[in-house]
Amino acid sequence: MRRRMYIIYTLLLVLALLPAPVMPAAEAPAKAGGPTGDVILDTMRQELDHSMKALTEKVTPPPYYISYRITENQHFTVAASFGALSGERDDRTRLLDIDMRVGDHRLDNTHRMRGRDLNFAPYRASAITIEDDAGALKDTLWLETDRKYKAAAEKLIQIKANLGVSVEEEDKSDDFSKEEPARYLEPPHKVSPVQGLWKRRVKEYSALFNGYPYIYQVNVRIQAESVNKYFADSEGTMLRHGRTQWQLWIYARTKADDGMNLYKLKTFTAPRPDRLPEDKVIRRTIQGMIDDLMKLRTAPVMEPYTGPAILSGEAGAVFFHEIFGHRIEGHRQKNEEFAQTFTKKVNQAILPDFISVVDDPTLKNFDGKDLNGFYLYDDEGVKSRRITVVDKGILKDFLMSRSPIKGFARSNGHGRAQAGLLPVSRQGNLVISASNRVSEKKLRRMLIKRCKEAGKPYGLYFGEVTGGFTFTGRFTPQAFNVNPIMVYRVYTDGRPDELVRGVDLIGTPLTSFSKIFACGKNFGVFNGYCGAESGRVPVSAVCPTLLTEQIEVQKSSKASDKPPVLPPPGDTDSNERRKK
Amino acid sequence: MKGLKKNTKKHAASGGPPGALRGPRGGAPWTPDCPTGGAFVRSGALLVALVMLLTAFNLRAEHPVVRAMKDEMGRSMSSLKLEKMEKPYFLEYTIIDHQEWTIEAGFGSLLKSADSRTRMLKTGMRVGDYQADNTAFLDAYSIQDVLQDVSYLVVDDDYDVLRRALWLETDGLYKKSLEQLAGKKAFLRNQVRKEELPDFSKEKPLQLRLPARKVKVDADKWEGVVKRLSVIFKEFPSIQVSRVEFWASVDYLYYVNSEGTVTAQPQTLAVLTAYASSQAADGMILKHHVPFYAVAPWALPGEKVLAEEVRKMAGELEALVKAPVSDEYIGPVIFTRQAAAELFAQMVVPQLSGERPPLTDMEYLNPWIASSKWERRLNRRVLPEFFSISDDPTIKGYKGRFLLGGYEVDQQGVKPGPMVLVEKGKLKRLLMSRRPRKEIEHSNGRGRAGLWGRTVVQAGNVLVSVEKETSYRELREQLLKLCRDQQLEYGIIIKSLDDPQLSGPSQGTQKTGDASPVLRLTGPVVMVRVYVEDGREELVRGVELSDFSIKDFRYIYGASGDDYVHHRMLPAGGSLNPYLKFSFSSGRYYKYGIPGSLVVPSVLFEELEFRRVSGNRKRLPLLRRPLAR
């Protein structure tokens with residue numbers, strides 16, 4: 001290993017001495033670790049090789065693995081409220097993350113210490129130059145490598161002491177898996193500023209909420225974003241990949257007369273602006289949001305309920321992501337502080353036998369809809385793979401990062417993180433499929449039948465939900481909360497469905513999944529961002545409509561503030577009435 | 001570099017949003033430079049017509065922001081009332097049109113270049129009456145939501161949307177204020193009170209509209225300057241971290257209150273800072289910085305001067321790395337130049353505030369509540385007799401040097417005047433906002449605010465003068481004489497003190513600012529031993545003052561009137577709470593403080609005590625710097 005590094009290092013030195021003509025990416029030898037013609041990647045490679053070699057000579061214990069990850073982000077955002085521009089922003093950052101490992105694959109400085117509260121590293125990414133300046137890049141890499149090495153060496157000593165005083169661990173698998181080096185270079189992704197058409201549209205869309213005095217808050221935002229990830233590690237992996245994304249965000253809030261805050265949130269995401277929905281579709285969506293908000297204001301408050309329910313595909317997708325998906329993330333099986341629901345259930349039935357679940361980050365779209373959880377390489381430089389997690393109800397596999405667990409020694413390309421945090425296994429595109437799907441109409445008849453059998457006057461239909469997925473800012477708290485917005489009572493006596501508000505999900509919802517007994521023909525796609533210990537990552541979930549035997553809801557706690565004392569300023573009628 | 005070009009970068013900004021102060025037909029009712037050409041003046045009739053026209057403009061052309069503020073305020077004051085509850089007796093809105101540019105570079109390469117434009121709203125409400133209202137009371141409830149002090153408005157001048165936002169903000173605040181009032185009344189019922197002081201002073205309404213300041217910020221140009229300045233550190237290989245940062249802001253502040261005060265004024269600022277840190281061979285981390293302040297980017301020193309100063313700072317830091325660690329020391333000390341200014345800024349200026357602390361039912365908060373250590377010393381001696389201190393926000397310069405702390409009207413709509421605070425060593429007056437204290441009923445126009453957070457009492461231009469005609473050379477002689485008398489080998493001169501807000505995040509060895517309840521001076525940066533034997537100066541490091549307090553100032557031994565001019569951001573209330581001593585020393589938020597200047601002498605203390613700097617020391621970098629390979 002050391003010898004190979006040395007050869008590469010020498011080769012690089014020779015190449016560095018050559019004048020400008022660097023080989024273009026396409027013609028570069030597919031040899032791991034060789035130069036790419038990209039200033040950032042090649043500088044990372046040089047500094048990485050130098051650090052590995054020099055640290056190995058100089059210090060004990062030496063690092064056995066180093067990776068550099070640079071995340072380049074560019075945003076253009078335009079926001080408006082009630083037809084007026086509320087903000088414009090552009091931002092460009094490059095953040096550096098270093099994975100420094102001291103010890104060996106079996107036991108290293110990332111090993112979890114038991115009895116310690118703060119096991120994961122706090123958020124810390126170093127800003128690195130936003131220019132392609134080798135000197136400045138190297139200087140930051142050097143100083144951060146030094147800092148990381150010292151911290152890692154110190155941590156390893158603590159870990160060894162902790163192991164010495166603790167009882168034996170249940171899962172004695174390694175700390176770091178062995179993977180093949182990869183090499184993949186996409187052309188850098190770029191977005192252009194939001195101008196003209198979309199800037200005008202954002203204002204126009206937000207103006208559609210004018211004239212509705214009860215809509216208190218409106219925020220329409222368009223964001224064009226490009227992400228380029230540069231990755232190099234001491235095993236020879238060299239990656240440059242990323243994506244562009246356009247995202248339209250429409251939010252409106254009102255208050256019921258009892259003070260309950262009610263909101264609607266619609267988001268559209270696409271890799272290019274021309275892939276966003278047509279103008280008239282968006283306008284129709286907004287009108288729908290307004291209608292829903294008006295209906296919600298006067299809708300009855302939901303009483304506690306336990307019984308059958310239908311979850312729309314979109315709602316089912318969120319539920320599966322939050323309640324099921326997080327439990328099949330590999331690193332959670334190793335950590336004794338987690339519930340480890342599925343740790344010992346491999347090859348056992350955990351879902352009804354007609355349901356299968358895969359996580360497939362390589363899937364670009366589903367039913368013509370772009371999927372937000374698409375990626376080719378994860379943040380540990382491992383190629384993403386389609387994983388069958390549950391096959392016909394039987395648990396088969398976990399989503400794996402390079403942190404092995406008992407029985408699963410390799411990564412399957414699910415190690416993901418926001419810049420500044422250490423990757424852990426995360427979901428990409430979670431796709432739920434069912435073998436016995438029935439028409440939506442039949443599903444509804446089945447719901448009513450079940451309700452009647454159970455002696456319930458009504459069942460529930462969950463239309464829209466938001467929650468752990470919401471498009472919050474990058475540094476907002478990452479608490480997740482499945483938040484149903486549009487929930488209807490479906491009456492057994494033929495009365496029309498009734499919208500209710502203030503629904504909160506409780507109980508151990510996992511049992512809700514074992515009680516799924518039918519699925520609908522329609523699929524729902526939810527695109528969003530998921531927040532967990534490794535930060536905010538783009539994800540998608542796809543799910544058919546679900547009929548479950550039992551779901552438990554309670555009244556949500558409402559804001560205590562009364563609605564505004566005075567009518568809105570523009571509402572002259574009510575102002576006049578008030579005066580009289 | 002091409003990919004970095006931004007469409008929004010190059011544009012001039014007037015203090016308000018573009019065209020903010022224009023009337024509908026292009027007239028400029030708020031600006032003094034109205035188009036009164038000579039030809040018109042000759043004809044009386046035309047002049048009258050013109051005056052009438054302008055008046056009509058004035059009525060009709062009131063800026064939509066001000067109109068929205070006034071209208072919604074009027075409606076709230078007349079009809080905002082919950083059943084069986086009190087109405088507000090006072091309401092104030094501050095709207096700040098804020099634009100800022102940030103450029104950061106290290107090692108000749110950009111780390112950041114960003115600009116933003118926002119409009120902020122601060123709302124203040126008082127329920128009860130001038131004698132006893134809901135304010136100045138800290139309980140668990142009010143601590144919780146102080147973070148909501150500022151909200152963001154649309155940047156378009158859209159009357160309807162602005163009014164709507166004001167309506168909701170006012171409504172929310174009304175409900176909060178009622179709860180605060182109830183909480184405060186309940187608390188007071190259980191207290192034995194010694195004095196009944198009014199909560200709010202009555203002041204005359206004021207109308208003052210100042211034109212926006214036209215400031216051009218050429219981001220491309222400053223990117224170049226900042227990058228070139230940051231290259232300088234390449235000449236100093238022992239420096240580990242270095243940054244050069246440029247920051248400019250162009251603000252226009254609208255203030256309207258329910259007593260009839262309407263003010264509008266510009267505030268602009270440009271700051272360029274270089275900071276660096278390194279490690280001595282023993283692992284001690286050393287930091288240094290040099291800041292430049294101006295009212296606008298054009299007023300910053302030329303690039304040549306900037307480069308010289310940055311190079312000087314880097315050179316001093318490199319010398320510090322090699323400098324010996326000082327022994328612990330008890331003896332005479334001179335503070336001169338930046339060190340003297342920071343000494344007064346950190347230790348003395350806070351004592352000039354007459355801010356009366358709030359009531360609180362959380363006793364553990366008391367040590368964190370800022371209050372002047374001189375507040376009970378009115379008409380008593382606080383400094384030696386040869387010292388006087390005044391604060392004068394009405395001046396823009398001092399002996400040809402510009403001052404940063406000038407303003408026409410404070411954030412409560414009160415005009416400041418020059419004030420002598422300490423006269424011949426005796427404390428004569430205190431700086432006041434509209435919260436009265438026992439001896440002082442009225443505001444003297446010192447209610448100031450940072451970009452975020454509420455109004456606090458803060459100085460503007462602090463002038464420290466000494467009567468004695470002593471030169472710095474004579475002061476240095478005095479130091480040496482004191483050393484001889486005490487049979488010391490050397491004395492100490494401190495030339496600069498750390499400012500953690502400017503010198504980058506602390507790395508563990510140097511003390512950071514004023515975040516603790518105990519008043520503490522920041523550590524020395526450039527400090528020399530001056531030897532009795534031959535008067536030579538030797539740079540030393542690694543000691544800091546111990547047991548130093550404001551009481552030591554009464555025994556200042558000597559001073560020399562050098563009139564060193566120093567600019568800095570004075571602490572704002574912080575968005576956490578206006579009453580809590582909370583400075584943003586952890587982040588680089590100094591920019592959102594309150595601009596001020598100090599003019600100070602050098603001062604000599606007869607005896608101060610130094611101890612070794614503690615803190616853990618990391619090993620030096622294991623590998624050689626890329627630059628040096």
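Predicted model: local features only at pLDDT ≥ 70, side-chain atom pairs only at ≥ 80, totals over all residues.
Local features require pLDDT of at least 70 and side-chain atom pairs count only at pLDDT 80 or more, whereas totals for chains, interfaces and linings use all residues. Residues are numbered from 1 along each chain as its sequence is written, chains are lettered from A in the order in which they are written, and side-chain values use heavy atoms, with hydrogens and water left out.

**View 1. Salt bridge between D91(A) and R89(A).** The closest N and O atoms of this pair are 3.7 Å apart; a salt bridge is a side-chain nitrogen of Lys or Arg within 4 Å of a carboxyl oxygen of Asp or Glu. D91(A) is partly exposed, at 22% relative accessible area, and R89(A) is partly exposed at 48%. Buried denotes under 20% relative accessible area, exposed over 50%, and partly exposed in between (1.4 Å probe, protein chains only).

**View 2. Salt bridge between R75(B) and E72(B).** The closest N and O atoms lie 3.0 Å apart, and both residues are buried. They belong to helix α3 (residues 64-79) of chain B, 3 residues apart, about one turn of the helix. Helices (H or I, at least four residues) and strands (E, at least two) are DSSP runs, numbered from the N terminus.

**View 3. Salt bridge between D199(B) and R435(B).** Here the closest N and O atoms are 3.3 Å apart. D199(B) lies in the loop between α5 (159-189) and β6 (207-209) of chain B and R435(B) in the loop between β17 (426-427) and β18 (447-448), so the pair ties together parts 236 residues apart in sequence. D199(B) is buried at 8% relative accessibility, and R435(B) is buried with a relative accessible area of 8%.

**View 4. A salt-bridge network in chain A.** Shared partners join R200(A), R201(A), E204(A), D279(A) and R283(A) into one network.
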